[in-house]
Amino acid sequence: MSAARHPAAQAFPIVGGEVTVGGIGLSTLAVRVGQTPFYAYDRQLLKARVAQLRSVLPKSISLHYAMKANPMPAVVGEFARLVDGIDVASGAEMRVALDAGMDPHEISFAGPGKSEVELAQGVAAGILFNAESMREIRALAPISQRLGRPARVAVRVNPGFELKLSGMKMGGGPKQFGIDEEVVPEALAEIGRLGLQFEGFHIFSGSQNLRPEAICEAQVKALQLAIDLSRHAPGPVRTVNLGGGFGIPYFPGEKRLDLAAVGEHLAGIVQAAKTDLPDVHLVIELGRYLVGEAGVYVCRILDKKVSRGEVFLVVDGGLHHHLAASGNFGQVIRKNYPVVVGNRMGASRLEKASVVGPLCTPLDLLADRMELAEASPGDLVVVFQSGAYGQTASPHAFLSHPSAVEVFV
Ligand SMILES: *Cc1c(COP(=O)(O)O)cnc(C)c1O
């Protein structure tokens, strides 16, 4: 599959031989931004993605945005209007979500190792904690007393199962995330004893999954686990966060997730939940599925070299801005993201070339021997599928080159 025909590319129409983002041609956008490299996120694509999910998911399921995927304040602000809740993973992310106007009641805070300051921030704000350890639960008690309001707590469960064939496993077996299923009854008793406000369970077992069967199986198991554990709960189970894990196609041969299949299945889960957990409110939390396909990373070719017959396009961006596209953010075997020369779309002359950044390491590789339009210095390279885990998931300071900027168009 050539990158130009990658499903990701279709979301960004080609006008006059250029990729457009938010209706703006790439060269014009580069001038508007004032520099390369940059990330550009498309507002209409975010809206369309949320609308698509809403049309397929059961109405009663709450859709949350896991903002670590893309914490740009303007993006979070848009999501605050579009989705039902925001999941944060640090005190600083919580501030951005609150600034974005999200109702604190609909903000939840997960992640191991929450500091005393973060716990106090969250209690003061009135957000929901997904507790990851007994230490967190115990630490919330004196804070609640001091502030005169009980902390809202859900227990993040490390289940006995994992999300099969996930890009990244985050549950099952020994893990730093959540409280082991076997220990949860003890944690629930402690929440009751300390007088915290118990709200439910959070069961997130993995991420970047393209197989509906695997996602559905994990959701069935998560719900069953919540039902089983509810017998030990100090109060009614009001929310069960079933996780998410919806993946997007990055690499050649990967197919889009069959969202309709997941939606149909979730309708069954909603029914099953009604019988056993009548007060419950089901949540799914998505990061990359909401934002990953709405963003591109753009950098400019500085130099073109031929080394022993192979072409290298040296660009002004690279691994330091986009670690994931370089293959160094969790991939086991490096594969190419969809990459094009964005101002030479539909060019008749193609050339096999590698796109490399300016860092002094062979890891700084954005495209490895891809079929690209024949390009020269000054041309703009576009990396699709870059809306999630890009800018803030990359080691900016490495080699002290200028940072990329982000725009939301
Ligand atoms: C990172 C994370 C997510 C989002 O994962 P995506 O693959 O971006 O959808 C959701 N929930 C939790 C708890 C996370 O840590």
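Reply: Side-chain contacts

The side chains of H322 and S386 form a polar contact at 2.8 Å. A polar contact is a pair of N or O atoms within 3.5 Å; within protein, one must be able to donate a hydrogen and the other to accept it, and residues adjacent in sequence count only if both atoms are side-chain atoms. The model is predicted, with local features requiring pLDDT of at least 70 and side-chain atom pairs pLDDT 80 or more, whereas totals for chains, interfaces and linings use all residues. Residues are numbered from 1 along each chain as its sequence is written, and side-chain values use heavy atoms, without hydrogens or water.

H322 belongs to the loop between strand 17 (310-315) and helix 11 (323-326). Helices (H or I, at least four residues) and strands (E, at least two) are DSSP runs numbered from the N terminus. The side chain of H322 also reaches the backbone nitrogen of A325, at 3.2 Å. Because its relative accessibility is 0%, H322 counts as buried. Buried means under 20% relative accessible area, exposed over 50%, and partly exposed in between, with a 1.4 Å probe and protein chains only.

The ligand comes next. It is surrounded by 13 residues, of which K68, S207, E285, R288 and Y389 are the closest; a residue is counted when one of its heavy atoms lies within 4 Å. This shell divides into 5 nonpolar, 4 polar and 4 charged residues. Here Ala, Val, Leu, Ile, Met, Phe, Trp, Tyr, Cys and Pro count as nonpolar, Asp, Glu, Lys and Arg as charged, and the others, Gly among them, as polar. An oxygen atom of the ligand lies 2.5 Å from a side-chain N or O atom of Y389, and for K68 the corresponding distance is 2.7 Å. At G287, a polar backbone atom is 2.9 Å from an oxygen atom of the ligand. The protein covers 93% of the 390 Å² of accessible area that the ligand has on its own, an area from the Shrake-Rupley method with a 1.4 Å probe.

Aromatic rings follow. Rings of Phe, Tyr and Trp (its six-membered ring) pair if their centres lie within 6.5 Å; planes under 30 degrees apart count as stacked, over 60 as edge-to-face and the rest as tilted. The count comes to 11 aromatic pairs. Y39, Y41 and Y297 make up one aromatic cluster.

Helix 3 (residues 73-82) has 7 of its 10 residues buried, so it is largely enclosed by the rest of the structure. Its buried residues include V75, F79 and L82. By contrast, E264 in helix 9 (residues 259-276) is exposed, because its relative accessible area is 64%. Although E264 and V56 are 208 residues apart in sequence, their C-alpha atoms are 7.7 Å apart in space.

Finally, the backbone. The peptide bond from T36 to P37 is cis, with omega near -5 degrees, and P37 is in the loop between helix 1 (26-33) and strand 4 (38-41). Q208, which is not a glycine, has a positive phi of about 50 degrees; because its relative accessibility is 14%, Q208 counts as buried.
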